[in-house]
Amino acid sequence: MEPTASPPDAAGPPPGATRSTVTLHVNGVPHRLTLDHRTTALDALRVHLGLTGTKKGCDHGQCGACTVLVDGWRANSCLLLAVALDGSALTTVEGLADADGLHPLQHAFMERDAFQCGYCTPGQLCSAAGMLQEAADGHPSHVTPDTVTPGAPVELTADEIRERMSGNLCRCGAYPRIVEAIGDATAHPAAPPVPHTVHGIGAVSVNGGGRTAS
Amino acid sequence: MSHDPQPVPPEAPRHPLGAPTARREGRAKVTGAARYAAEHAPPHRVHAWPVPATVARGRITSVDTTDALALPGVHAVLTHENAPRLEPPEDPAVAVLQGPAVPHRGWYVALAVADTLESARAAAEAVRLTYAAEEHDVTLTPDHPGLYLPKEVNGGYPGTRERGDFDAAYAGALVTVDATYTLTALHNHPMEPHAATAWWDGGHLTVHDSTQGSTKARDDLAALFGLDRRDVTVVSEHVGGGFGSKGTLRPQAVLAAMAARVTGRPVTLALPRREMPAVVGHRAPTVQRVRLGAGADGVLTALAHEVVTHTSTVKEFVEQAAVPARVMYTSPHSRTVHRVVALDVPSPSWMRAPGEAPGMYALESAMDELAVLLDLDPVELRLRNEPATEPDTGRPFSSRGLTRALREGADRFGWRPRDPRPGVRRDGDLLLGTGVAAATYPVLIFPSSAEAHAAPDGGFRVRINATDIGTGARTVLGQIAAEALGVPEERVRVEIGRSDLPDAFLAGGSSGTASWGWAVHKACRALREDLSNRQHPLPREGLAVAADTREEIAAGSPYARHAFGAHFAEVQVDTVTGEVRVRRMLGMFAAGRILNPRTARSQFIGGMAMGIGMALTEHSTMDPVVGGFTERDLASYHVPVCADVHTIEAHWLDEGDPHLNPMGSKGIGEIGIVGAAAAVGNAVHHALGVRLRTLPLTPDAVLPHLP
């Protein structure tokens, strides 16, 4: 049988030249951690906090599997050093839902069979949650017509969703279902935006761009 | 209904098979609760980081781990000088750290183990190795002097087949096509990197491994470490995709087990993405010459498909790209040949539809070229070449739905009316075109065993070491069990993904549902029979029945058994940028009975999406100087993104075939990619008027040919 999970890693030397103590507010819970300066936000979540819902696909900011919300903005957590996030609020897939239910996106992904192996799914969900808020806040994408009113909420057509979700790879090819699921969730009256507060943008890599065929 | 002596009702309340049942593990996957191999953290777990070789061929001449071991938190550095000795493996690609020889760049030569990921990585970078490099040869050419004729190719097929007199028939043909198609190496790149968490408990080894088959992984690990298979447990509850690359034991499991033995601690090793192309297999590059000879009516009189490919010096793996030409079309005079050369390259292996995917790209492109030459509709050309029996063997087909798939697919797609002229449809700066290609994939079934259990409370449990790599295996096995037992699915629990469950074949060759499902069906039918004959209440521990399918599968079949399909694609070619985009795609499949339309549709569409990648974006270069793959990460190796995949529809025929298995199913995991790239390429020809015979069709390849 598998031994039971270990407590959060407290090993290692005290804060100093190579380690610092930071507070990360993860899914509404403050965690005071003394971390190696090299530790990414992704590894802080997965290894130190045992929140393995956030996935490591490439560790290079190229696949989006590690997408979380940092102060409401979607970010590749593998590209963020945890030590630079002191005081930040992180939302992971484990924190998308209320205690007793599923986020409308989670529900829609299940309804639409918008995943197969499931490894990119937490990143897709967090990315979608952040993306819905970006569109509601009037952030344009590469495919937003230049006729729309600046700052007005952007209507999430299938093209908009595809473009805005192109930072999250899915090798199982669930994209058509993902687009449908997100479309369903946008139509859901109770789709709650994840609250975000303005944070030091310089520390946050916003995962809003889209890489396309060429 | 506790202690009901007959918990099985006489009539099934409904039919679970064919229902669009939602994935059983869906909630676990959307909430992040599903744990993959690297996500198991036993107490005192440490982390490992591998060191890849930096020469393409040679020997390690010195090892210096002093600096690495001096770093804080480092437990061990394993190299060929101190790693545990392994028994000689069946697959030499997993004989890691056993000697100083380096067979290719990226071959693992050391492993650092430390308290934290950061320390392990730093230690790996601090290992000092020197090499005696030897001249390497990594370049595949169609006239390479090292090319030879392999006896067998992947799948156990003969390397060469000849029927009739191809040369004479081809020389005498009224119309001929002679075209050569070139495909680069391709990489599986499942989203979950290959990972393992291993520990030893006394003499017992447990490994959480991202593998497509933990029965085989267990057996292979036991053989490597000289253990009885009862002393090894491999768990693969959730696997983040594999597409063939996790079908065989891979270095992460072996290295993690070694490191755990040396350190006495549980060890997690997740392979860095950039190192994967060198150590988890790839689709071998191919140069494929297809020659078709036909009469004025388009009926083939001669067909040759000759494939040149590479393997490594580690082992022989031959991509069986000429094999589908033995199945597809009437061809009284036929030659199908593979030639392979062993280069100083990483070992190729399975990638979704090995053989069929690259082979059908070439064959179906050549058929399109023949249709253009004859000014014949490409759907019609294929209909005229339907064979009465399997051309290579003369065996009757158990079912062959290609004709219907082509016809019904064409209708649904809106194929007709179609102006056959290439290069004439414009939408502003865009040129538009449509293309079609056929698909085929063999029906493979392997022996498996299963156990079905009835509890006194009316619940059932099915146990089988199937693996769910994203196919929905748990779900469809629950449906099969419920149907066989005649009970609602909700009453059937399914246990899969551990090697201490009844042995089963791996998730590969589109064989899973047929192989596992047959064993589950057999066990459940036997249990149902026992229950219906039962006079007394079930004992407290319930009643279990085991079954295996060795006999049934050994009996074989007198039929040629294949799934078929047809792809239709509409593309646009940007005449300014050279960018090709797929506007819409439709697949029509004939794959026996579809057991779960929801998960089946996802698999078909997923295969087609990967086919778009094969056609338009995925490309890997073997650098002749450096001696390794150039595109080693997901920024340079372009798997399709959401914006690349617009409208894809997958449909299927209601195909009844009594010669398959008790469920009547054919495999569906791979046929979606077969022919998809050819349909896109043929559509590009129709749009552009230029035949491009090298994939992928990236803008730089298209630009020189723009009008």
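This is a predicted model: local features need pLDDT of at least 70, side-chain atom pairs count only at pLDDT 80 or more; totals for chains, interfaces and linings use all residues.

Trainee: Is A:Gly61 buried, exposed or partly exposed, and why?

Mentor: A residue is buried if 20 or more other C-beta atoms, placed from the backbone, lie within 10 Å of its own, exposed if 12 or fewer, and partly exposed in between. A:Gly61 has 18 C-beta neighbours inside 10 Å and therefore counts as partly exposed.

Trainee: What pattern does chain A follow along the sequence?

Mentor: Chain A has 5 helices and 5 strands, and their order reads β-β-α-β-β-β-α-α-α-α. Of its 214 residues, 55% count as buried.

Trainee: Which residues of helix 2 of chain A are buried?

Mentor: In helix 2 (residues 104-112) of chain A, the buried residues are A:Pro104, A:Leu105, A:Gln106, A:Ala108, A:Phe109 and A:Arg112. They pack against helix 3 (121-136) and helix 5 (175-187) of chain A, together with helix 1 (26-31) of chain B. After helix 2 of chain A comes A:Asp113, whose phi is positive, near 55°.

Trainee: How many residues does each chain bring to the contact?

Mentor: Two residues are in contact if their C-beta atoms, placed from the backbone, lie within 7 Å. Here chain A brings 59 residues and chain B brings 60 residues. On the side of chain A that touches chain B, helix 5 of chain A gives the most, with 5 residues. That side has 27 nonpolar, 19 polar and 13 charged residues, where Ala, Val, Leu, Ile, Met, Phe, Trp, Tyr, Cys and Pro count as nonpolar, Asp, Glu, Lys and Arg as charged, and the others, Gly among them, as polar.

Trainee: At what angle do helix 11 and helix 12 of chain B pack?

Mentor: Axes are lines fitted to C-alpha atoms, for helices over the stretch in contact, and angles run from 0 to 180 degrees between N-to-C directions. Helix 11 (residues 473-485) and helix 12 (residues 512-532) of chain B pack at about 30°, with their axes 8 Å apart. Helix 11 of chain B is therefore roughly parallel to helix 12 of chain B, since angles under 35 degrees count as roughly parallel, over 145 as roughly antiparallel, 65 to 115 as roughly perpendicular and the rest as oblique.

Trainee: Which helices of chain B are oblique to each other, and why?

Mentor: Helix 14 (residues 597-616) and helix 15 (residues 676-688) of chain B pack at an angle of about 50°, with their axes 7 Å apart, and these two helices of chain B are therefore oblique to each other. By class, their contact has 8 nonpolar, 3 polar and no charged residues.

Conventions:
Residues are numbered from 1 along each chain as its sequence is written. Chains are lettered from A and ligands numbered from 1 in the order in which they are written. Helices (H or I, at least four residues) and strands (E, at least two) are DSSP runs, numbered from the N terminus.
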